[in-house]
Amino acid sequence: MKQEKSLLSFLNNNETRAIAFQVITLLIIAFVFYSGISNLIFNIEAREIHTGFSFLSNRAGFDINESMIAYTPEHSNLRVFYVGLINTLVVAVVGIIFATIIGFIIGVARLSNNWLISKLAAGYIELFRNIPILIQILIWYNMALLTLPSPRGSFNFFDSIFINKRGIYVPEPVIETGFVWVLIAVVLGIALTFLMKRHFKQKHSKTGVYTHTIGYSIGLIFGLPLVVFFLLGSPLHFDYPALTGFNFKGGRTFSPEFLALAVALSVYTATYIAEAIRSGIEAVDKGQKEAAAALGLTQTQSLKLVVLPQALRVAIPPTINQYLNLTKNSSLATAIGYPELMSAFGGTVLNQVGQAVEILGMTMAVYLVISLLISLLLNIVNKKMSIKGQ
Amino acid sequence: MAVYEQQELRKPPISQVGIVRWLRVNLFSSRVNIGLTLAALYMLYIIIPPLLNWTIFDANFNFGEFSIFGFEFGEVMATNTNCGRSAACWPFIYEKFDMFIYGFYPRDLVWRVDSVFAMTAMLFVIVRLVRNRKGSAKILLTTFVVFPIVSFYLIAGGVFGLEEVKTHQWGGLTLTLVIASVGILVSFPIGILLALGRQSNLRVISFFSTIYIEFIRAVPLITILFMASFVLPLFFTGGVDFDKLLRALIAITLFQAAYFAEVVRGGLQAIPTGQYEAADAIGLNYVQKNALIILPQALKISIPNLVGSSISLFKDTTLVLIIGLMDMLAMVNMTANDINWLGRETEGFVFVTMTMWIFLYSMSRYSRKLEVRFSTDHKN
């Protein structure tokens, strides 16, 4: 009798139950993994699919029309991985820049006291936010192919940028020896600007004398490198595209696929960034602006020192999240064939080699790393922006 | 004694009343605003007229002859050649309408899909009628369990003498809606379990839930869809012919569960500790505590975000095109490849975009309405 009771209390003990639950969960997970992986190995052997990562050094054997690094079909599959990775990053960076610019403009326009502008911004957000991004990519791509002219009739901007059915042609910077000094000058200029700003800020808090630093900053960041640039005899020139025969030669080409993808990603993500900016600005209490005015701050000072810091605290975290979403959405290029990671490596190489586990694993790992990096950035930003003194 | 005579009231200046005042305040309040207004009007002038010309004024609406109350309308139905290339050719959509809605679903059986659509409409009516009634939870729960099962057997067939329709024949808007509803209904309970698991005190369970949620949220859906279509069959013993639609559904469900889990977790975190402690104090066990006290409150807070997450899922259903399922978007190329209607992608895109937009816009309006209804803060 007594023993039964102690057995019952043992079974009802919370700690025992907790351990039992966890052990059972572990066993179930282990079993699922074990049976899944043993089936996987069996099936892979039965189908005579190769395993391991040796395929990475094999010859790729297909051409990629758009690559930032040298690539020919003779290169290895690993090279395709790098080409795809770099293309993903390129389209993500371009998309992020334009999405931020468009998003900022639309977000501010949404709050404009001009009725027409505000309604247009709202219309933009409602229109593009509620169309799936894949449809937008396909529509931009089809529009580019349908409406852009042939190379002979291409849109010409200052004889240096050309847009036609085959893509957009821009001048390509060619770097010569000595250009590295210009870059060093840029870094030096930025560092000096920081030091100068700190100096004048200290002076401001000590003596109350405010000095405008914008002129010095421009001089240091842009002027210094320019001086170095011309002293060294302009170690950089541009390779301009030019029409030879039926097509353009020279310069750098971005394909219609790239254009469609970049435009669709920026236009779509901008709607979310616009909402983030809008809610950020709306989150600043009206009293803050009034208090700033009461202190005698000018309109610009009030915006710069009071409103924006508080608005950005609300707006930046969701914006960074949208950067991650944009990067992930760039994988939809598979549908139009822009050779980024998912399309070139996760698509073409997968079709040729057939080692889905390894290839998709590598592709997922890249996105995992990107997203870890972005959440790391987000954490740093959040820590830096959290309200101090509360 | 002075005599005061009431003077007639002077009218307010014209610039301070009515439409003139509205225009002055809202469009022409300052020099900058005048410039912006003119720029915006010019932009509209550039965009709107060509758009209207393409879709309506220059477009072809010859759907063939038809008569209403004996009045004859229309002429011979337009074909690809006499439609012209400079404007929309809507007879194309008219003729391919069934393709966009049902895909390759056998034409003599589409009444089954139609009755599912009708049932869905009825479902909305039922939800509206029984809301705020006594015992509504039971009715709703039964409906939400019975409805999907009935719909599935109506569409798939194979029982009660209904002819079986293989999944590769499903397509168009029907397929889009099937994927979206299965995705939402199945991933919702999984999401709740994952959220509870992540919040759990049991380290092992919380560890695996966290890993799962964070991993799925870090990778694009397309990689999971590819995994499901290339690798998933290898995980099962006889899995060589694994239904294509089922693979996509598994991928989308697993993907969406992670997102739902995060939404529900947000709701769980908003529940004050006192609620947990009170449930413990009256001696409820873990299941009772969550089912009766915590989840009803947490889910209620999460409803707007759950709808928001469902909207994303609805958008994501278009991705199944990439793994070769014939959803509505895939029908654009399919129909424009018809030898009689070559090169009519634009009309198809416009039609599909408009359909999806209407669905998504009404969903987002609904979610905003819910947000207002459920918001309990009194900031504004």
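Predicted model: local features only at pLDDT ≥ 70, side-chain atom pairs only at ≥ 80, totals over all residues.
**Exercise 1. Work out the order and direction of the strands in the open sheet of chain A.**

Step 1. Start with the order: four strands make an open sheet that goes E1-E2-E3-E8 in chain A, and the pairing is antiparallel. Strands are DSSP runs of E with at least two residues, helices are runs of H or I with at least four, and both are numbered from the N terminus. Two strands pair if DSSP finds at least two bridges between them.

Step 2. Now look for the edges. Strand E1 (155–157) and strand E8 (252–254) of chain A are the edge strands, since each pairs on one side only.

Step 3. Go through the pairs. E1(A) is joined to strand E2 (residues 161–164) of chain A by three bridges, and the two run antiparallel. Three bridges also link E2(A) with strand E3 (residues 167–170) of chain A, again in the antiparallel sense, and a hairpin takes E2(A) to E3(A) through two residues. E3(A) and E8(A) pair antiparallel over three bridges too.

Step 4. Follow one row of residues across the sheet. A:Asn156 has A:Phe162 in E2(A) as its bridge partner. A:Phe162 in turn stands opposite A:Tyr169 in E3(A), and A:Tyr169 stands opposite A:Thr253 in E8(A).

Residues are numbered from 1 along each chain as its sequence is written, and chains are lettered from A and ligands numbered from 1 in the order in which they are written.

**Exercise 2. Describe how H3(A) and H10(A) cross.**

Step 1. Get the geometry. The axes of helix H3 (residues 77–110) and helix H10 (residues 299–329) of chain A come within 9 Å and cross at roughly 135 degrees. Axes here are lines fitted to C-alpha atoms, for helices over the stretch in contact, and angles run from 0 to 180 degrees between N-to-C directions.

Step 2. Name the arrangement. H3(A) and H10(A) are therefore oblique to each other. Angles under 35 degrees count as roughly parallel, over 145 as roughly antiparallel, 65 to 115 as roughly perpendicular, and the rest as oblique.

Step 3. A crossing is left-handed if the near helix is turned anticlockwise from the far one by less than a right angle, and right-handed if clockwise.

Step 4. List who meets whom. From H3(A) come A:Ala92, A:Gly95, A:Ile96 and A:Ala99, and they meet A:Tyr323, A:Leu326 and A:Thr327 in H10(A). Residues are in contact if their C-beta atoms, placed from the backbone, lie within 7 Å.

Step 5. Sort them by class: five nonpolar, two polar and no charged residues. Ala, Val, Leu, Ile, Met, Phe, Trp, Tyr, Cys and Pro count as nonpolar, Asp, Glu, Lys and Arg as charged, and the others, Gly among them, as polar.

**Exercise 3. Find out which elements of chain A touch chain B.**

Step 1. Count the residues: 41 of chain A are in contact with 42 of chain B.

Step 2. Pick out the elements giving two or more residues to chain A's side: helix H2 (14–46), helix H4 (115–129), helix H5 (133–147), helix H11 (341–353) and helix H12 (356–385) of chain A. H2(A) gives the largest share, eleven residues.

Step 3. Check the classes. Chain A's side divides into 25 nonpolar, 14 polar and two charged residues.

Step 4. Zoom in on one helix pair. H4(A) packs against helix H2 (residues 31–57) of chain B at an angle of about 45 degrees, with the axes 8 Å apart. That makes H4(A) oblique to H2(B).

Step 5. Name the residues. A:Leu116, A:Ile117 and A:Leu120 in H4(A) meet B:Leu36, B:Thr37 and B:Ala40 in H2(B). This contact of H4(A) with H2(B) holds five nonpolar, one polar and no charged residues.

Key: Contact = placed C-beta atoms within 7 Å.
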